[in-house]
Amino acid sequence: MLTEQQAEVGYGPPRIIPGGRELVAGTLRSFGSRHVHHVSNRGVEPAVSLHVYAPSLVEMHQYEARGDQLHVVSSQLVGVSW
């Protein structure tokens, strides 16, 4: 089982939504291009999360939590930094 924590994206920094969603084996999850989330394994059994993007992902950001807000600490571009 994995736990997904999401952030609300709007104006200004994304805001962390309290709580989390449990994703059991076989769960499918779709979302748009402005979706920000953190997936973790809080259990003792190994788990795998597979992310598939269409259209292909071209940019990805890494965030740092400051209170309930997320702030970009790095960005990666396909063909440049990965």
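T3 is placed in strand β1. The model that shows this is a predicted one. T3 counts as buried because its relative accessibility is 9%, and the cut-off for buried is under 20%.

- Leaving out neighbours within four places in sequence, T3 is in contact with G20, R21, H38, V39, S40 and R42.
- E4 also has its place in strand β1.
- E4 has a relative accessible area of 1%, so it is buried.
- The side chain of E4 makes a polar contact with the side chain of H37, at 2.7 Å.
- Not counting residues up to four places away in sequence, E4 touches G20, R21, L23, R29, H35, H37, H38 and V39.
- In a regular strand, side chains alternate between the two faces of the sheet.

**Pairing of β1 with other strands**

- Strand β1 covers residues 2-8 and strand β3 covers residues 21-23; the two run antiparallel and are joined by three bridges.
- L2 has L23 of β3 as its bridge partner.
- Strand β4, residues 36-40, pairs with β1 over five bridges, in the antiparallel sense.
- In β2, the residue opposite A7 is I16.
- The hairpin of β1 and β2 has six residues between its strands, and G12 takes a positive phi near 80° there.

**The loop between β4 and β5**

- P55 lies in the loop between β4 and β5, the latter being residues 59-66.
- The peptide bond joining A54 and P55 is cis, with omega about 0°.
- V58 is found in the loop between β4 and β5 as well.
- V58 has a relative accessible area of 52% and is therefore exposed, the cut-off for exposed being over 50%.
- Not counting residues up to four places away in sequence, V58 touches Q76, L77, V78 and W82.
- V58 and V80 are 22 residues apart along the chain, and their C-alpha atoms are separated by 9.9 Å.

**The chain as a whole**

- The protein chain has six strands and zero helices.
- Its pattern along the sequence reads β-β-β-β-β-β.
- The C-alpha trace spans about 35 × 30 × 20 Å along its principal axes.
- Of the 82 residues in the protein chain, 12% are buried.
- Among contacts with a separation of 6 or more, 42% are between residues 24 or more positions apart.
- The chain exposes about 6,500 Å², of which carbon and sulfur atoms supply 55%.

How values were computed:
Residues numbered from 1 in each chain as written. Predicted model: local features only at pLDDT ≥ 70, side-chain atom pairs only at ≥ 80, totals over all residues. Heavy atoms only, no water. Pairing = 2+ DSSP bridges. Helix = DSSP H or I, 4+ residues; strand = E, 2+ residues; numbered from the N terminus. Buried < 20%, exposed > 50% of the residue type's maximum accessible area, 1.4 Å probe, protein only. Polar contact = N/O pair within 3.5 Å; in protein donor to acceptor, adjacent residues only side chain to side chain. Contact = heavy atoms within 4.5 Å. Areas by Shrake-Rupley, 256 points an atom, 1.4 Å probe, with all protein chains shown as cover.
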